[in-house]
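User: I have a structure to read and I am new to this. Can you take me through its features one at a time?

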Amino acid sequence: MEFKGFIHALIRQYFVIYTGSMIATFCFCQAFYQGEALPVSYLAWMLLFSLCGTLPGIIFYSKKELSPKQWMVRKGIHFVLLECVLLTAGKVLGMYRGIKQGFWFAITVLAVYAFVSVFGYWSEKKTAEALNEKLKERRERS
C-alpha cells in the first residue's frame, strides 16, 4: 500500500474511532457517572484520546501486501498495544478510577475496537465489490 493511501485510511479511521469513543463515553457514563455533567473540554480530550487510539495503527503499514498470518500477528500486537496506550491515556485523563472501572474501561476499548474493525471490514468489502463490478463491466466490454 502506498503511504499516502495508508495515511488517508488512518484519517478515516480516526473519525470512526472518535465516533465510537463518543458512543462508548455515553454508555460508560450511564454505567458509572449518571447525573454528572461532562465539561465541554471533554470533547477536546476525546479528540486527543482518539488520536492516541489511531496512532498504533501505524503497525499495519507495509510496502508489500501482508500475508493472512502476518496480518493476524499484527492485529494481535495492535490490540495489545492499543489497550496499553488507551488504558494509560484514560488513567492520565481521569476517564476511570480504580480497578473495577479500569476493567470496564478496557472492555469498552474492546467494544470500540470491534466497532472500528467491523466498520473497516464493511468499508473494504464495499470497495472490493465496487472494484469487482468495474472489472466485470470492463471484461464484458472487451
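**Reading the model**

Analyst: A search of the whole structure finds 1 salt bridge. Some ground rules come with that. This is a predicted model, where local features need pLDDT of at least 70, side-chain atom pairs count only at pLDDT 80 or more, and totals for chains, interfaces and linings use all residues. Residues are numbered from 1 along each chain as its sequence is written, and side-chain values use heavy atoms, with hydrogens and water left out.

User: What is a salt bridge, and which residue forms one with arginine 12?

Analyst: A salt bridge is a side-chain nitrogen of Lys or Arg within 4 Å of a carboxyl oxygen of Asp or Glu. Here arginine 12 pairs with glutamate 124, and their closest N and O atoms are 3.6 Å apart. Arginine 12 lies in helix H1 and glutamate 124 in helix H4, so the pair ties together parts that are 112 residues apart in sequence.

User: What do the numbers say for H3 and H1?

Analyst: H3 has 25 residues and should span 36 Å; its end C-alpha atoms are 36 Å apart, which agrees. H1 has 30 residues and reaches 41 Å from its first C-alpha to its last, close to the 44 Å expected.

User: Which residues of H1 are buried, and what do they pack against?

Analyst: The buried residues of H1 include Phe6, Leu10, Tyr14, Ile17 and Phe28. The buried residues of H1 pack against H2 and H4. Contact here means heavy atoms within 4.5 Å.

User: What covers the buried residues of H4 and of H3?

Analyst: For H4, the cover includes helix H1 (3-32), H2 and helix H3 (68-92). The buried residues of H4 include Phe105, Val109, Val112 and Tyr113. For H3, the cover includes H2 and H4. Among the buried residues of H3 are His78, Leu82 and Leu86.

User: Where does proline 56 lie, and what does proline 56 touch?

Analyst: Proline 56 lies in the loop between H2 and H3. Proline 56 is buried, with a relative accessible area of 9%. Not counting residues up to four places away in sequence, proline 56 touches His78, Leu81, Leu82 and Val85. All of that is local, so try a distance next. Proline 56 and isoleucine 23 are 33 residues apart in sequence and 21 Å apart in space, C-alpha to C-alpha.

User: How many disulfides are there?

Analyst: A disulfide is a pair of cysteine sulfur atoms within 2.5 Å. By this rule the count is 0. Cysteine 27 is in no disulfide, and its nearest cysteine sulfur, that of cysteine 29, is 9.5 Å away. Cysteine 84 is in no disulfide either; its nearest cysteine sulfur, that of cysteine 52, is 13 Å away.

User: Which residues make the nonpolar surface patch?

Analyst: Patches are made of residues with over 30% relative accessible area and no salt bridge; like charges are joined within 9 Å, and nonpolar side chains (Val, Leu, Ile, Met, Phe, Trp, Tyr) within 5 Å. Areas come from the Shrake-Rupley method with a 1.4 Å probe, and for residues only the protein chains shown count as cover. Trp45, Leu48, Leu51, Leu55 and Ile58 make a patch of about 460 Å². Leucine 48 is found in helix H2, residues 41-54. Leucine 48 is partly exposed, at 39%.

Notes
Helices (H or I, at least four residues) and strands (E, at least two) are DSSP runs, numbered from the N terminus. Buried means under 20% relative accessible area, exposed over 50%, partly exposed in between (1.4 Å probe, protein chains only). The expected span of a helix is 1.5 Å times one less than its number of residues.
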